[in-house]
Amino acid sequence: MNPISFITANFVARQLGYYMTEGWMQGDTATQNYFRPLETFPERFGAMLGEIKAMGFEALDLWGAHLNAAWATPEHVAIAKDLLSQHGLRVLSFATWVGSVEALEATCKLAQAMEVPLIAGGAPMLKDKRPEAVARLETYGVKLGVENHPEKSPAEVLDLIGDGAGGLLGAACDTGWWATQGYSCPQAIRELGEHLFTVHLKDVKTAGAHKTCRLGDGVADIEGCVRALQGIGYGGDIGIEHEPETFDPTADVVESKRRLEAWLGRGA
């Protein structure tokens, strides 16, 4: 049975009062500034976990702005692990961009400390520093799922994955970005097939832009994506992703989870 997880990047605009006017990095910076101080980390991280649990989730994909390799101390890690245990939540992946071999290594160290088996994000260094990247993954025993954003087709992702480096490299399929790029999301799933490590199930209002919405309300053919996942026998994580810039996504995520469970044949 596919675990359904909450991707904490859904809260990208929260620390800006849902008034994110300058793009993603504005939200990233504000979130890191909010969660970094150790003296307030237990209260703030714990409050977020409580919200996620209250939505009915038992698993999450942890965005790098909520716990970042650049500032996470052993104390941050110990607190985070204790709070996750208290709330009965599992971290299935670090959902974060790793733009260099150095960033990958630092995130691998954090993932190992947090006992998180997977990093899911963009990994452009694989184009010219693949051996170095694979060596870091081997050292820390962490897998890397390449997430599509600028890629126009699954062939580009598969080119980065290559031979899979003995199971260390795979795909983190972001359905919303396939829709933004105008590529059939169910078809992308079928083409990525056995290389899928995780799926970020996201819907967008229109192709050519990246305004997210409730699953099933946009152009990504989310039910078709679920059917494609079932068709290839995918048994991994399905993360729900929705990152509005001007409002709290909680109600939409709860409804998206209900719809996803219905498409999967779960629930009442």
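Author: This is a predicted model. Start with a helix pair: helix 2 and helix 3 are roughly parallel to each other, because angles under 35 degrees count that way. Their axes cross at roughly 30°. The axes come within 10 Å. Helix 2 covers residues 41–54, and helix 3 covers residues 74–87.

Reader: In which hand does helix 2 pass helix 3?

Author: The crossing is right-handed.

Reader: Which residues of helix 2 and helix 3 meet?

Author: First, the general idea. An α-helix has 3.6 residues a turn, so residues three or four places apart point the same way. Now the case. From helix 2 come Phe41, Pro42, Phe45, Gly46, Leu49, Gly50 and Lys53. They meet His76, Ile79, Ala80, Leu83, Leu84 and His87 of helix 3. The residues of this contact divide into eight nonpolar, four polar and one charged.

Reader: At what angle do the axes of helix 3 and helix 4 cross?

Author: Roughly 45°, and the axes come within 10 Å. The crossing is right-handed. Helix 3 contributes Val77, Ala80, Lys81 and Leu84 to the contact. Helix 4 contributes Leu110, Ala113 and Met114. By class, the contact residues are six nonpolar, no polar and one charged.

Reader: With what is Leu67 in contact, leaving aside neighbours within four places in sequence?

Author: Its partners are Phe41, Leu62, Ala72, His76, Ala80, Phe94, Leu110 and Met114. Check these names against the helix contacts. Phe41 of helix 2 meets helix 3. His76 and Ala80 are on the helix 3 side of that contact. Leu110 and Met114 belong to the contact of helix 3 with helix 4.

Reader: Now a helix and its cover. Which residues of helix 9 are buried?

Author: Read burial along the helix, then ask what lies over it. Helix 9 spans residues 222–231. Its buried residues are Ile222, Gly224, Cys225, Val226, Ala228 and Leu229. Their cover includes helix 7, helix 8, strand 7, strand 8, strand 10 and helix 10.

Reader: How does helix 8 pack on helix 9?

Author: The angle is about 20°, with the axes 8 Å apart. That makes helix 8 roughly parallel to helix 9. Helix 8 passes helix 9 in a right-handed crossing. Cys185, Pro186, Ile189 and Arg190 of helix 8 meet Gly224, Cys225, Ala228 and Leu229 of helix 9. This contact has six nonpolar residues, one polar and one charged.

Reader: Where do Tyr18 and Ala165 lie?

Author: Tyr18 is in the loop between strand 1 and helix 1. Ala165 is in the loop between helix 6 and strand 6.

Reader: Is Tyr18 buried or exposed?

Author: Tyr18 is buried, because its relative accessible area of 14% is under the 20% cut-off. Ala165 is buried too, at 15%.

Reader: How far apart in space are Ala9 and Trp63?

Author: Compare sequence separation with spatial distance. Ala9 and Trp63 are 54 residues apart in sequence and 5.3 Å apart in space, C-alpha to C-alpha. Ala9 lies in the loop between strand 1 and helix 1. Ala9 is buried, with a relative accessible area of 3%. Not counting residues up to four places away in sequence, Ala9 touches Trp24, Trp63 and Glu243.

Terms used: Residues are numbered from 1 along each chain as its sequence is written. This is a predicted model: local features need pLDDT of at least 70, side-chain atom pairs count only at pLDDT 80 or more; totals for chains, interfaces and linings use all residues. Side-chain values use heavy atoms; hydrogens and water are left out. Buried means under 20% relative accessible area, exposed over 50%, partly exposed in between (1.4 Å probe, protein chains only). Helices (H or I, at least four residues) and strands (E, at least two) are DSSP runs, numbered from the N terminus. Contact means heavy atoms within 4.5 Å. Axes are lines fitted to C-alpha atoms, for helices over the stretch in contact, and angles run from 0 to 180 degrees between N-to-C directions. Angles under 35 degrees count as roughly parallel, over 145 as roughly antiparallel, 65 to 115 as roughly perpendicular and the rest as oblique. A crossing is left-handed if the near helix is turned anticlockwise from the far one by less than a right angle, and right-handed if clockwise. Ala, Val, Leu, Ile, Met, Phe, Trp, Tyr, Cys and Pro count as nonpolar, Asp, Glu, Lys and Arg as charged, and the others, Gly among them, as polar.
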